[in-house]
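Please view the sequence and the structure first.

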Amino acid sequence: MAIYLVGDIQGCFNELTSLLSEVNFDRNKDILYLAGDLVARGPNSLETLRFVKSLGESAKVVLGNHDLHLLAVHAGIKKAKKSDCLSALLAAPDVNELMDWLAEQPLLQKIPTCSNSNPTNKVHNDSAYMSHAGISPQWQLQDALEQAKFIETKLSSSDRNTWLALMYGEKPNSWHQAKNEIEKFRYSINAFTRMRFCFIDGTLEFEQKGSPEDITATNIVPWYELSQTINKTSWVFGHWASLMGKSSHPNIYPLDTGCVWGNQLTMLRWHDKKYFKQNANMSD
């Protein structure tokens, strides 16, 4: 068995299948972890969702901000953005089935130990997780586990649309200010799916999207420079394309390399930490 982890697909289905062919992915024994944002600005969001759903237990998904926005668009809560390519998906005969499946996916996945991995590497083997954007520096691991389960319960309930409508907004941007269920829900959605930079006190900053090298402000830093959790836990995430797979912390694995922007789709084989990359097919 091999475990593969792939960054933001965003409807770049052909690049995904090319990567899986390159590594001879076998759905009967291998597992594919997907770092969220399965859909949106690429040309084949419908095909991507159908394929990932068809993998069953061989696919382990975490929801990204674009996936959550799609659920809200389908529910009539929001309108699709001009840059989204969701028309075929929203008009598909199986769209309701796909949305029900998508809404049941978690925001956090634990990555299991590989039997053929290095047993001396306790951080990488025994405590590794994936979420779309990372883990809030104001959380301990247990906080993240609890909030991910809380969100999963709300989005898979009959009140899904009510909660989807409540997720929009940037306040509170501090976990310490989240005093009720709605505020904790909104903060947690933002931390799991939108976070890049934080202020020095760990509060979420939503404006900056560039690379850390581009930032001149001295009061904001990448979330992973503040998190204590990742000193003893490996973290795999997507969302931050401008990192281009690079970071200053040895325990994190940023996998979004901007395929939808004409760069590459990146996949990581977990047991030996080997990367596979597929250039964007600009003819799609």
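Is aspartate 100 buried or exposed, or does its relative accessible area place it in between? With a relative accessible area of 39%, aspartate 100 is partly exposed, where buried means under 20%, exposed over 50% and partly exposed in between, using a 1.4 Å probe and protein chains only.

The model is predicted, so that local features need pLDDT of at least 70 and side-chain atom pairs count only at pLDDT 80 or more, while totals for chains, interfaces and linings use all residues. Residues are numbered from 1 along each chain as its sequence is written, and side-chain values use heavy atoms, with hydrogens and water left out.

A salt bridge is a side-chain nitrogen of Lys or Arg within 4 Å of a carboxyl oxygen of Asp or Glu, and the count by this rule is seven.

| aspartate 94 | arginine 50 | 2.9 Å |

Aspartate 94 lies in the loop between helix H4 (87–90) and helix H5 (95–103), and arginine 50 in helix H2 (residues 45–54), so the pair ties together parts 44 residues apart in sequence; helices (H or I, at least four residues) and strands (E, at least two) are DSSP runs numbered from the N terminus. Arginine 50 is partly exposed, at 35% relative accessibility.

Glutamate 170 is partly exposed at 34%, as is arginine 194 at 26%.
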